[in-house]
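Thanks, everyone. Let me put the structure up, and then we'll walk through it.

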Amino acid sequence: MGHTLAEKIIAAHVVEGPGSAAPGDNRRGDTDSHPEVWPGDLVEATVDVVLSNDITAPIAIREFETLDVERVFDPSRVVMVADHFAPNKDIKSAEQCAQMRQFAQAQGLPHHFDVGRMGIEHVLLPEQGLVVPGDLVVGADSHTCTYGALGAFATGMGSTDIAVAMATGCTWLRVPETIRVVYRGRLRPWVGGKDLILYTIGRIGVSGALYKAIEFAGPVIDHLSMDGRFTMANMAIEAGGKAGLVAVDEVTRAYVEGRASRAPRVYQADVDATYAQVVEIDAGQIEPQVAFPHLPENVRPVGQAGDVRIDQVVIGSCTNGRLEDLRVAAELLRGRQVHPDVRCIVVPGSQQVYLDTLREGWVEAFVEAGAVVSTPTCGPCLGGHMGVLAAGERAVSTTNRNFRGRMGHPESEVYLAGPAVAAASAIAGRIAHPDDIT
Amino acid sequence: MLMLIEGNVWKYGDNVDTDAIIPARYLNVSTPEELARHCMEDIDAGFAGAVQPGDVIVGGENFGCGSSREHAPLAIKGAGVAVVVARSFARIFYRNGINIGLPILECPEAVEGTEKGDQLTVDLKAGTITNLRTGRTYQTSPFPAFTMEIIQAGGLVPYTRAKMTNDK
């Protein structure tokens, strides 16, 4: 019987022998002679990258320090990013960033990214080549699953798990079953990765992939850009998924070439792998999608949105803050005006994305249209800063969650969409399809 | 960790997400005491002020969905809640609960038969939940041995510390 992509990657990281690794003992299963794993197995696995950010690192550091371990298992594998409440939104946030900074300095971490040199973590790490195909990545952020687009097994965990991973270089995992989702057909204009994943979550529900890995496959995925793949893998968690993976192909290799800081390892699912479920999606039937308040599964085609007046649009985040997303937004906003009742906030996902956006002339296009261009930050996505909502306000956002109170007051509303619908809505002053404003 | 619990029920529905459990605007703090003050604030403004040590939270499907923030189970634990019983848990929240020593039990039947204000007794070792109002007892599946070791140690850090000491 064959194995899924997730099973293969985990198997290649299983710690050999009885018991488990001691601190600093980063043994790795030899890819040629490692054991097989099956769904339901509880294993101890080595990790390639351990990630945290300014809101999750303080707890991780506190727990790390109670472990009586002097040094992290490998400073080059521990990544810390100041992205959630940075540039700092208040004194307490500044203290959290300071704590993370001090720990990074004391431990000599080469990959601590601070204001001016950072990006939103899940945009930044692939861009910097810090995650490569075949990696097993754990991060104290639920959208760590984003790196699955690189053919890695990447999953979100809490700060305590990350503290133990920083100390030992290992983590315990229950091997998940996998749901394979196959996308066929020809994409309609303006339909991208965000629409595909919103449609999928609408179909299987916010717990449809609970405890499972998702494999995204099919000809549509083969032709999807890395930016689109990152968007899809990013939202695997919104269906309850443990990980969201795309098999490595030429598109992945081209992206990784020249970026990767380590040699990639390529795995493919076996043809006779066993899946918990195989979902076939006719992507040619999919219109741009919108997730209505207050659940990411509350999805409908934009054509069925009705007349929904809005106050704010956010274009950015770890979901849609990459260059391709900004290109789509710029295409629509250039030469047009943001509706007078709307605040449109564009957030490039990293300093590099910001520079590229600038060099393309899109910053000028955004500002002339009456939109704001922010430094990279998670900010508005979680109601932190850079665009918090008041009671009764509505936002269309390219972010990933729309639970009650997510972007501000509990009586505000968040509608999730891709950059095309977001930009069109900013112009129209209500939820709109790009065709409505072009 | 307390293996035998008796407390007053606070009942919620499906998909209670981590933003409901602890709004993100409070993630600039990280101690259980500070977080507890804002626990459930946006969905039940009265909870933080009225919850008593030993109380029980009862939830529907997919409890704790959303973020990986450990602040969520920490807020619940900091508020003095002794156990969370739900029809099902989101996986990161479930894992975090075990890791920080917050008891969590999956038992759809118990949730079905329980209302706000009921008194429940919970035996973590036996995996039983008894509703003192109805007199009914429910059985949950036992934790895997490995998970039980973490729970009995009081969480992942005490478990790991003990393991490291033994390995030396």
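First, a term. Helices (H or I, at least four residues) and strands (E, at least two) are DSSP runs, numbered from the N terminus. The expected span of a helix is 1.5 Å times one less than its number of residues.

Some ground rules. This is a predicted model: local features need pLDDT of at least 70, side-chain atom pairs count only at pLDDT 80 or more, and totals for chains, interfaces and linings use all residues. Residues are numbered from 1 along each chain as its sequence is written, while chains are lettered from A and ligands numbered from 1 in the order in which they are written.

Now helix H3 of chain A, residues 91–107. H3(A) has 17 residues. From first C-alpha to last, H3(A) reaches 24 Å, close to the 24 Å expected at 1.5 Å a residue. After H3(A) comes A:Gly108, with a positive phi near 65°.

Which residues of H3(A) are buried? By buried I mean 20 or more other C-beta atoms within 10 Å of the residue's own; exposed means 12 or fewer, partly exposed is in between, and C-beta atoms are placed from the backbone. They are A:Ser93, A:Gln96, A:Cys97, A:Met100, A:Phe103 and A:Ala104. These residues cover an arc of only 125° around the axis, which puts them on the same side of H3(A). That arc is taken from the directions from the helix axis to the C-beta atoms. The face turned away carries exposed A:Ile91, A:Gln102, A:Gln105 and A:Ala106. The cover over the buried residues of H3(A) includes H2, strand E3 (78–81) and strand E4 (112–113) of chain A.

Next, the interface. Contact means C-beta atoms, placed from the backbone, within 7 Å. Here 43 residues of chain A are in contact with 36 residues of chain B. On the chain A side, H2 (57–66), H3 (91–107) and H5 (159–168) each supply at least two residues. H5(A) gives the largest share, five residues.

Zooming out to chain A as a whole. Chain A has 15 helices and 18 strands. Buried residues make up 61% of its 438 residues. The C-alpha trace spans about 65 × 50 × 40 Å along its principal axes.

Last stop, chain B. B:Asn8 is in strand E1 (residues 4–11). B:Asn8 counts as partly exposed, because it has 15 C-beta neighbours inside 10 Å. B:Gln119 is 111 residues from B:Asn8 in sequence, yet 4.7 Å away in space, C-alpha to C-alpha.

Definitions and conventions: Contact = placed C-beta atoms within 7 Å.
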